[in-house]
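Subject: Structure handover

Hello,

Here is the structure I promised to pass on. Please open it alongside this message; my notes follow below.

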Amino acid sequence: MGHSKQRPIMVLIVGLTGAGKTTFTRLASGRKDLKVGDGIDPCTQDPVAIRFNLDGRPIVLIDTPGFDDTTRTDVEILEDIAKWLVKQGFSKRQPLDGMILLYPILFDFDSNLEKRRTRILQKILGRNAYRRVVVATTMWGSLINEKEVEQDIDMRWNQQGGVWDEFRQGDAQLTKHFNTEASAQRILRAVIKASDEAERAKVLIQQELGRKNIRFAETSLGEELECFLQQDITVIHNLLLNHRDEEPPEEYRTSKNLKEWQEWYRWNTERQELTRNLELRQKQLKRLNSFFVSFVHLLQQIHVPSLQTTGHLLVAMASADNQVAQV
């Protein structure tokens, strides 16, 4: 296949905060001036396009903010990434050639959050684009027992119904990144080769939003977000019902006994937080289903905030995700 037009090859780098996205970009591009974060403190707050040539071909690596950020939810981060892609012409003229998902093997993961995050990425890409995805495991140089971790990663990759099951079945690639220039460029070449073989087809969200008068809620990503919102609303509503049963006596509200007043204050704070989250999700769901919108307008409007409320709520969300995964 010729490369006469020499359109830039556009590759998204995603992963958790601290996974090594900026380091990977620096190694692949040879740009030693890129700032690298320390520990869990993210250095990339907004997507950054790094342009360079590899094997005589123009490349654009998109270094993105990390998931599991302490200041933003995963959906907010994905929203920021999508806004940036639209601004760069992603929705109209510039195909997204592939994605590199960096997976730090030394991190502890919430499997339910990981499943939700992966499902959103899958709905953006579409099954036909999975072959242009490389899951690259990082932090191998810090291991003592490498064989045991290799077995764990292999088990996760091949687990039926697991986090990576759809990617694996769609011919995505799993590989190790050894934190060297040669390793980073080898992984990037694998994405480029897969994109060339797919003739740079548009990813799913591009195809769907190219239809005339489509509502965002009718796209695969919109349906997934609607599912998450419906699920969250049900969970929070049930938590509110249970929470009302735990209401302290009314006199605790004005009690001069510190322990009694603190009990009422804790209960009331949790109630307000749950009510606020319920109202937000109800508004988001209504907005999601109300309009025929352009991609840009949608991304300016849709906002799924964090469910980082009480411990009860986080536990309930994890339970709900398990139930959905089993359906």
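Predicted model: local features only at pLDDT ≥ 70, side-chain atom pairs only at ≥ 80, totals over all residues.

**The aromatic pairs**

How many aromatic pairs does a search of the whole structure find? It finds four. Y103 and W164 make one of them: their ring centres are 4.6 Å apart and their planes stand at 75 degrees, so the pair is edge-to-face. Y103 belongs to strand β4, whereas W164 sits in the loop between α4 (146-158) and α5 (165-169), so the pair ties together parts that are 61 residues apart in sequence.

W261 and Y265 give a stacked pair, with 5.1 Å from centre to centre and 20 degrees between the planes. Both residues lie in helix α9 (residues 258-288), four residues apart, or about one turn of the helix.

Next, the strands. Six of them form an open sheet in the order β2-β3-β1-β4-β5-β6, and the pairing is mixed. Which strands stand at the edges? They are β2 (48-54) and β6 (173-176); each has a single partner strand, so one side of each is left without a neighbour in the sheet. On average, neighbouring strands are turned by 25 degrees against each other, direction ignored.

What does β4 pair with, and in which sense? Strand β1 (residues 9-15) pairs with β4 (residues 98-104) in the parallel sense, over five bridges. β5 also runs parallel to β4, and six bridges join the two. Some individual positions:

- V14 stands opposite L101 of β4.
- G15 stands opposite L102 of β4.
- L102 has A136 as its bridge partner in β5.

How covered is β4? Seven of its seven residues are buried. That holds for both faces: G98, I100, L102 and P104 are buried on one side, and M99, L101 and Y103 on the other. So Y103, from the edge-to-face pair, belongs to one of these covered faces.

**Helices against the sheet**

Helix α6 (residues 181-197) lies across β1, β2, β3 (57-63), β4, β5 (133-138) and β6. It runs at about 165 degrees to β6.

Helix α1 (residues 21-29) is mostly covered, with eight of its nine residues buried. Which ones are they? K21, T22, T23, F24, T25, L27, A28 and S29. What do they pack against? The buried residues of α1 pack against β1, β2, β3, β4 and α6. Just after α1, G30 takes a positive phi of about 80 degrees.

**Around α9**

R281 lies in helix α9. Is R281 buried or exposed? R281 is buried, at 0% relative accessible area. Its side chain makes a polar contact with the side chain of N277, at 3.0 Å.

S255 is found in the loop between α8 (220-245) and α9. At 18% relative accessibility, S255 counts as buried, because the cut-off is under 20%. A polar atom of the S255 side chain lies 3.0 Å from the backbone nitrogen of N257. Setting aside neighbours within four places in sequence, S255 is in contact with E260 and W261. W261 also brings us back to the stacked pair, where Y265 is its partner.

Best wishes

Conventions
Residues numbered from 1 in each chain as written. Heavy atoms only, no water. Pairing = 2+ DSSP bridges. Axes fitted to C-alpha atoms, helices over the stretch in contact; angles between N-to-C directions. Contact = heavy atoms within 4.5 Å. Phe/Tyr/Trp six-rings, centres within 6.5 Å; stacked < 30°, edge-to-face > 60°. Buried < 20%, exposed > 50% of the residue type's maximum accessible area, 1.4 Å probe, protein only. Polar contact = N/O pair within 3.5 Å; in protein donor to acceptor, adjacent residues only side chain to side chain.
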